Amino acid sequence: MKILVPVKRVVDYNVKVRVRSDGSGVELNGVKMSINPFDEIAVEEAVRLREAGTASEVIVVSCGPAACQETLRGALAMGADRAILVETDAELQPLAVARLLKAIAEREHPRITLCGKQAIDDDANQTGQMLAALMGWPQATFASKMVVGEGTAEVTREIDGGLETLELKLPAVVTADLRLNEPRYATLPNIMKAKKKPLEVVSAASLGVDVAPRLRQTRHAEPPARKGGIKVADVAQLVDKLRNEAKVI
Ligand code: AMP
C-alpha cells in the first residue's frame, strides 16, 4: 500500500511574520522556511505505518519552487522513501494544489493520501477536502488516531464536541491533526541517507493543470497594536473594572 504525503514549505512557526512595507504581501526575504508542522505529523504517521508493515512505500510530494526540494529532503530524512517536486514559481492556491495532487495521485495510485489539516501560512484548511472531492474519495479530516486495515481505515477525528470515529473505504484522504503523533527528529545518518533517496522533479506545466489563482489578494496589513494590560490593586478594583469597563469584543 502506497501512502502519498503532500508537504508544504512554509514560514517557520517560530518566525514573527512581517508584512512588506508596501503591503504587497508577507516578507519572505531572509526568513527561515520549514516543513508545515501538520505535514511533519503526516509524514511521521505514514513512516510508522510503513515500519509496521502496513504500508509499502511513503511518497512525499511538494508543489512550489525549487527550494521545496529542501523540505522534501527533510521528509526523506524522517523516513519517507521517495519524493516528487511539482515545480512551479506560480502563486498556488488550495484548488490549484489539489488539482496538481490529483494528477500525481492518478499516476501513483496511493491507497491513502495523508495531508496536514492546514498550512500555517494561509491557514486555508482546504486542500485535502478539495482533493477528496476531485478524486471522489472519502475523507476524514483532523485525524488524531488512525488504524489502517485491509481496504479500510478507522480514523478518530477531533471535533468541537469531542471525538468522532469514521470508517473509510480506501483509497481515501486523511488530514492530520496535532495529536496524531509526535514527529521524530531526523538523525544525522538519516539526513545523509536522504541525500541519496530518489527525488523526481516534474514541472507543473507538464501535468496540464490549470493553476491560475481564483482569489486576488488586494492588500496585507499588520493587526492593530494591542495596548498593554494593567495590574489591579485588589479584588474590589477587579470587580469594578469588570462591571464598568469590560466590553465584549
Ligand atoms: P491548506 O489547505 O493550504 O491549509 O493545506 C492543507 C494541506 O494541504 C497541507 O497541510 C499540505 O498537506 C497540503 N498542501 C497545501 N499546499 C501544498 C503545497 N504547495 N504542496 C504540497 N502540499 C500542500
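Predicted model: local features only at pLDDT ≥ 70, side-chain atom pairs only at ≥ 80, totals over all residues.
**Reading burial, strands and contacts**

Me: Which residues does Leu207 touch?

Reply: Contact means heavy atoms within 4.5 Å. Not counting residues up to four places away in sequence, Leu207 touches Val86, Leu100, Ala103, Ile104 and Val202. Leu207 also lies 9.5 Å from Arg99, C-alpha to C-alpha, although 108 residues separate the two in sequence.

Me: Is Thr88 buried or exposed, and which backbone nitrogen does its side chain reach?

Reply: Thr88, in the loop between strand S5 (82–87) and helix H3 (94–108), is buried, with a relative accessible area of 12%. A polar contact is a pair of N or O atoms within 3.5 Å; within protein, one must be able to donate a hydrogen and the other to accept it, and residues adjacent in sequence count only if both atoms are side-chain atoms. The side chain of Thr88 reaches the backbone nitrogen of Ala90 at 2.9 Å, and, leaving out residues up to four places away in sequence, Thr88 touches Gly64, Pro65 and Ala204.

Me: How many residues of strand S6 are buried, and which strand do five bridges join to S6?

Reply: Five of the five residues of S6 (residues 112–116) are buried, so this strand is largely enclosed by the rest of the structure. Ile112, Leu114 and Gly116 point one way from S6, whereas Thr113 and Cys115 point the other way. Two strands pair if DSSP finds at least two bridges between them. Five bridges join S6 to strand S10 (residues 172–176), running parallel, and there Leu114 has Val174 as its bridge partner. Strand S1 (residues 2–6) pairs with S6 in the parallel sense over two bridges, with Thr113 as the partner of Leu4. S1 pairs in the parallel sense with strand S4 (residues 57–64) too, over five bridges, and Val60 in S4 is the bridge partner of Val5.

Me: Which residues of the largest nonpolar core touch the most other members?

Reply: In soluble globular proteins, nonpolar side chains tend to be buried together. A nonpolar core is a set of buried Ala, Val, Leu, Ile, Met, Phe, Trp, Tyr and Cys residues joined through side-chain atoms within 4.5 Å. Here the largest has 39 residues, of which Val5, Val43, Val60, Leu114 and Met146 touch the most other members. Helix H1 (residues 37–51) gives the most to this core, with seven residues. Beyond its neighbours within four places in sequence, Met146 is in contact with residues including Ile112, Leu114 and Val174. A second, separate core of 22 residues includes Ile59, Cys63, Ile84 and Ala204.

Technical notes. Residues numbered from 1 in each chain as written. Heavy atoms only, no water. Buried < 20%, exposed > 50% of the residue type's maximum accessible area, 1.4 Å probe, protein only. Helix = DSSP H or I, 4+ residues; strand = E, 2+ residues; numbered from the N terminus.
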